[in-house]
Amino acid sequence: MNGKLKVLENHFLVGTTKSIFMDGTNKTLQQAIDDGSLGGSTTATTSGRGYTQVKLRGAKVYITDVPTSQSGTTKIAYTFPTGDSDRERRLFIWTPTGGNKAIQIPDGTLELNQALVYNVDTNTLTTKSGTWGNVSCGNNELLLLYNDRGMSTQVGGLLSPYIRTHEQPITEREIECEQVSTVGNNLSQGIFIVDDVMYLFGHSSDDKLTKGTYYVRSMNNLDQTIKSGSHDLGHMNAPSYSHEKDMLIVGNGSKVYDQSSFPMAADIYYNFKSVLSNTTDLVWETLDKTVLDLSMFEGEYKAQVCWGYGDNVYLLTTESRIVRRLRLGKGTEQLSNGQYTETTSDRYNGTFEIEKTWRTTHSGIIGGMTHYQGELYIGIKGEYGIRKMSFTSDGTILLTDLKVNGQGGTMQGLDIKDGIMYAFTDSRGYKILLEQLK
């Protein structure tokens with residue numbers, strides 16, 4: 001067969017060729033072309049089995065980003081379909097002699113500039129490191145996957161034609177709304193509603209050393225400030241109040257800190273309506289609370305939480321790429337994660353179990369979050385409006401961006417009251433009928 005080949009020293013691009021010259025001479029494919037062994041400098045002519053051909057039985061490699069720092073995602077996880085005795089992950093290699101070899105590829109991860117390499121002679125897999133074009137592969141080795149996620153967001157190698165991302169595209173839909181505030185949350189962080197008033201928060205520092213400000217406004221006039229106060233409760237970009245529980249939950253969702261300097265955590269505050277009514281200075285150390293230690297989620301950052309059904313909360317990390325539904329332990333029930341604190345039967349004890357995890361490669365900086373009928377609605381900062389998260393049984397997330405008609409400013413808070421969603425940017429406030437969100 002004839003075919004034009006594009007080859008670089010000691011590695012190859014699968015988009016241009018799926019073969020490697022392996023005649024026992026220890027030549028690279030480029031050398032074999034240059035010295036005429038394969039028929040000249042531009043066209044390679046082969047016959048029989050003078051090359052190595054690779055085929056993945058399942059024809060699918062799922063790639064998922066694994067966030068490692070605030071600066072972005074560089075690590076990837078690769079997984080294969082399961083079922084049929086896991087033959088979907090079997091790699092077949094036809095060798096120059098006419099026979100074939102096969103190997104089952106286990107799920108794994110690759111750091112930035114790391115490659116998964118297969119050795120044809122030993123029928124083994126290893127990982128090697130080096131910038132693109134400089135991974136040292138011998139004449140008997142095949143570069144299967146290469147992580148170049150940090151520079152070009154690409155994954156190369158022999159298996160790159162088989163890559164899938166589990167990802168659905170983000171659909172967009174414009175929704176109608178009524179403007180209810182001409183100033184919005186000009187403190188620019190998060191909102192929540194308690195009875196007939198709305199609380200609009202700016203942020204304090206996550207280390208509780210520098211206080212922030214909050215305003216209180218009547219639901220009858222969302223431009224009029226009734227009172228204001230100070231707080232040191234943290235970043236407050238997704239506070240979530242439960243009327244049923246009379247509890248506020250909020251995570252330390254700031255991009256300033258990562259796990260190494262400020263481990264992820266969330267605070268649950270009790271009897272919060274009474275707290276808000278009887279003080280204007282909210283001091284973290286003096287409030288009745290339970291702390292959820294979320295530091296077990298290594299490599300992630302920005303813990304943002306909201307109430308779900310019953311004792312469930314939703315935890316979003318790493319700019320909303322990873323979503324988990326947690327069940328919180330109460331009283332003496334010690335669940336498998338977190339730090340247990342002895343308490344009464346009607347209070348959370350700091351432990352939790354992970355009921356489900358979903359992932360997406362689509363990121364979004366959260367400005368407000370709320371749960372409604374099994375779906376999450378998050379305010380996405382910028383001009384994106386409200387992002388609806390619908391969860392599938394296979395661990396993926398279907399995303400819909402709901403564009404607020406005439407939106408001014410960047411989204412800074414969401415909450416629901418009496419069948420209406422209130423969405424506040426830093427300069428406007430809107431109310432949206434829930435039926436429009438379906």
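Mentor: Start with the whole chain. Residues 24 or more positions apart account for 56% of the contacts with a separation of 6 or more. This is a predicted model. Its mean pLDDT is 82, and 80% of the residues reach 70 or more. The chain has 438 residues, and 51% of them count as buried. By secondary structure, there are 3 helices and 38 strands.

Now the core. The largest nonpolar core holds 22 residues. Val 61, Tyr 78, Leu 91, Leu 144 and Leu 159 have the most contacts inside this core. Strands E5 (53-56), E6 (61-66), E7 (75-79), E8 (90-94), E11 (114-119) and E13 (141-148) each give two or more residues to it. The largest share, 3 residues, comes from E13. In soluble globular proteins, nonpolar side chains tend to be buried together.

Zoom in on Tyr 78. Leaving out residues up to four places away in sequence, Tyr 78 touches Val 61, Tyr 62 and Ile 63, among others. Tyr 78 also touches the run Ile 105, Pro 106, Asp 107, Gly 108, Thr 109 and Leu 110. Leu 116 and Leu 145 complete the list of its partners.

Two stretches call for caution. Over residues 1-24 the pLDDT stays under 50, and the model has 64 contacts beyond four places in sequence for them. Residues 39-50 also have pLDDT below 50, with 26 contacts in the model beyond near neighbours in sequence. Where pLDDT is low, the predicted coordinates should not be read in detail.

Terms used
Residues are numbered from 1 along each chain as its sequence is written. Side-chain values use heavy atoms; hydrogens and water are left out. A nonpolar core is a set of buried Ala, Val, Leu, Ile, Met, Phe, Trp, Tyr and Cys residues joined through side-chain atoms within 4.5 Å. Buried means under 20% relative accessible area, exposed over 50%, partly exposed in between (1.4 Å probe, protein chains only). Helices (H or I, at least four residues) and strands (E, at least two) are DSSP runs, numbered from the N terminus. Contact means heavy atoms within 4.5 Å. pLDDT is the predictor's confidence in each residue, from 0 to 100.
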